[in-house]
Amino acid sequence: MPKSRTRFVCQQCGGEQTKWLGRCPDCGAWNTLEEVSLPEMPASGAATPQRRYALLTGAAASAGASAAPAVPQPLPQVKALSHDRLSVGYAEMDRVLGGGLVPGSLTLVGGEPGIGKSTLLLQVSGYIAEQVGPVLYVSGEESSEQIKMRAERLEISGERLYLLATVELEVICEAIARLKPALVVIDSIQTVFATHLTSAPGSISQVRECTLHLMQVAKSSHIPMFIIGHVTKEGTVAGPKALEHIADCVLYLEGERYHTYRLLRGVKNRFGATHEVGVFEMHGEGLQEVPNPSALFLSERPGAASGSAVVVSMEGTRPLLVEVQALVTPSNFGIARCTANGIEHNRLLMLLAVLTKRVGLALGNHDVYTNVVGGFTLEEPAVDLGVAAAIASSYRDRRIPPDLALIGEVGLSGELRAVSRLGLRVREAAKLGFKRCLVPASARTERVRRELEEAGLAEECRVIPASTLAVALEIALH
Ligand code: TYD
Ligand code: MG
């Protein structure tokens, strides 16, 4: 009996079933299964789970394209890919990519509509077209004329920048085969559809099949590809979330609509470190990179106000200095409110508990509001000390000296715990003119101090160790 060549895929979670069901057994959503036909594969072991998995992860994409039987090979015999990485023209973006674009890689650029994905990738396309070779920019959202208008505004006039306004996967693949470009940009994956599937463009099955197919093309032709994907807050459109495991790199462009900063955040990278962040600013002439974001984030700091602290957070391999603000006010209605903007809510609750129990601040009947300036999100525990100090500063209405940076994780007993890369953080603070750094007391601190002395920075930035939060607050707010 011929094997079934279709699957039923949940439009919510992407779970696969062999038959139609009213309710998805994986995520419990009703009426979300849609029929999807599987991509054509060589007859041998066509639709085995292993083969599908290999396809999904891209491991056998090139093997699949050449129809060679997959035979285990000893490691030394595997041909190494060339390591030449392609610069995209922005040092900030190159770093997020792990040092540039890898040939044949598929990079997903996600973000909310209107955040600047098309702008960024059109600028990258302009650079590659000028410096390297032809670029194919496929847009299913805008006409070629619209893109040209935008390109004129961005002052891009590449002879070798080819625009293609289409939504059909087959047309795109044909154009790639004909043009053999140095880079392909697909804007956006939600508009692309393969005609052999019946589901609508933007549905999870279309998005996934099209991405898998493009992945195969990228891997077999060694052409790097950028794929733009929209994410909406409601998650109604099949979003990049479902594609993250397919792509080699996943970048998110984030920012607040009313701020001009845009953060390009790497969440997955098969060729480099993740959690790198590149900072850009949106201008009238497109996105411009911000080479020294700490200085930008600190530029609007109020000098004399209480409740403001500067923390040093590692974003990937780069330390970033950011201002944290807190406001503590007596609560009016007997129920204390606690708002965390840019830091995790549970982490804030924990810090409030430690401040109450170990430091003795009577925060119980106070509203606490915290905010990270610049729309940044801080996830590292190393910012604990700064957040706690900002809260204590507002509560006591005493300001933290503006030349003091705070680094340290707070434990439940009120102790300060060592953080990674302390030396790097302190040096970055020194570079930005901070005269003192309050840090956890540990063996590492001594080493950092010696390093600073050797680098001739000990005079410029003093390291002050503290073993507990209470001691640290005494120093910061004396
Ligand atoms: P866009 O790249 O179209 O967003 P996306 O592709 O992520 O949906 O960016 C749209 C926004 O960027 C729009 O609100 C206008 C703004 N913008 C500028 O401020 N300056 C510019 O030079 C450009 C091209 C766009
Ligand atoms: Mg766009």
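Reader: The expected span of a helix is 1.5 Å times one less than its number of residues. How far apart are the end C-alpha atoms of helix α9?

Author: Helices here are DSSP runs of H or I with at least four residues, strands are runs of E with at least two, and both are numbered from the N terminus. Helix α9 covers residues 345-359, 15 residues, so it should span 21 Å. The computed separation of its end C-alpha atoms agrees with this, at 20 Å.

Reader: What pLDDT do local features need in this model?

Author: Residues are numbered from 1 along each chain as its sequence is written, chains are lettered from A and ligands numbered from 1 in the order in which they are written, and side-chain values use heavy atoms, leaving out hydrogens and water. The model is predicted: totals for chains, interfaces and linings use all residues, side-chain atom pairs count only at pLDDT 80 or more, and local features need pLDDT of at least 70.

Reader: Which elements do the buried residues of α9 pack against?

Author: Buried means under 20% relative accessible area, exposed over 50% and partly exposed in between, with a 1.4 Å probe and protein chains only. In α9 the buried residues are L348, M350, L351, L352, V354, L355 and V359. Contact is counted for heavy atoms within 4.5 Å. The elements packed against are β15 (338-341), β16 (366-372), α10 (384-396), β18 (409-410) and α13 (469-477).

Reader: Which residues touch the most other members of the largest nonpolar core?

Author: A nonpolar core is a set of buried Ala, Val, Leu, Ile, Met, Phe, Trp, Tyr and Cys residues joined through side-chain atoms within 4.5 Å. The largest one has 48 residues, and a second, separate core of 31 residues includes Y137, I156, I228 and L253. In the largest core, the residues that touch the most other members are L355, F376, L378, I391, L438 and L469.

Reader: What does F376 touch, not counting residues up to four places away in sequence?

Author: F376 belongs to the largest nonpolar core. With residues up to four places away set aside, its contacts are L263, R265, V277, F297, E315, L320, V322 and G342.

Reader: Is the one aromatic pair stacked or edge-to-face?

Author: Rings of Phe, Tyr and Trp (its six-membered ring) pair if their centres lie within 6.5 Å; planes under 30 degrees apart count as stacked, over 60 as edge-to-face and the rest as tilted. One pair is found in the whole structure. The rings of Y90 and F280 have centres 5.8 Å apart and planes at 70°, so this pair is edge-to-face.

Reader: How many residues apart in sequence are the parts that this pair ties together?

Author: Y90 counts as buried at 14% relative accessibility, and F280 likewise at 0%. F280 is in strand β11 (residues 277-283) and Y90 in the loop between α2 (61-66) and α3 (91-96), so the pair ties together parts whose separation in sequence is 190 residues.

Reader: Which residue in β12 stands opposite F280?

Author: β11 and β12 run antiparallel, joined by four bridges. A hairpin of two residues connects them. Opposite F280 stands E289.

Reader: Which are the edge strands of the seven-strand sheet?

Author: This open sheet has mixed pairing and the order β15-β16-β14-β13-β17-β20-β21. The strands that pair on one side only are β15 and β21 (462-466).

Reader: Which residues is G386 in contact with, leaving aside neighbours within four places in sequence?

Author: G386 lies in helix α10, and is buried with a relative accessible area of 0%. Helix α10 lies across β13, β14, β16, β17 (404-406) and β20 (436-440). Apart from those sequence neighbours, the contacts of G386 are A309, V311 and L406.

Terms used: Pairing = 2+ DSSP bridges. Axes fitted to C-alpha atoms, helices over the stretch in contact; angles between N-to-C directions.
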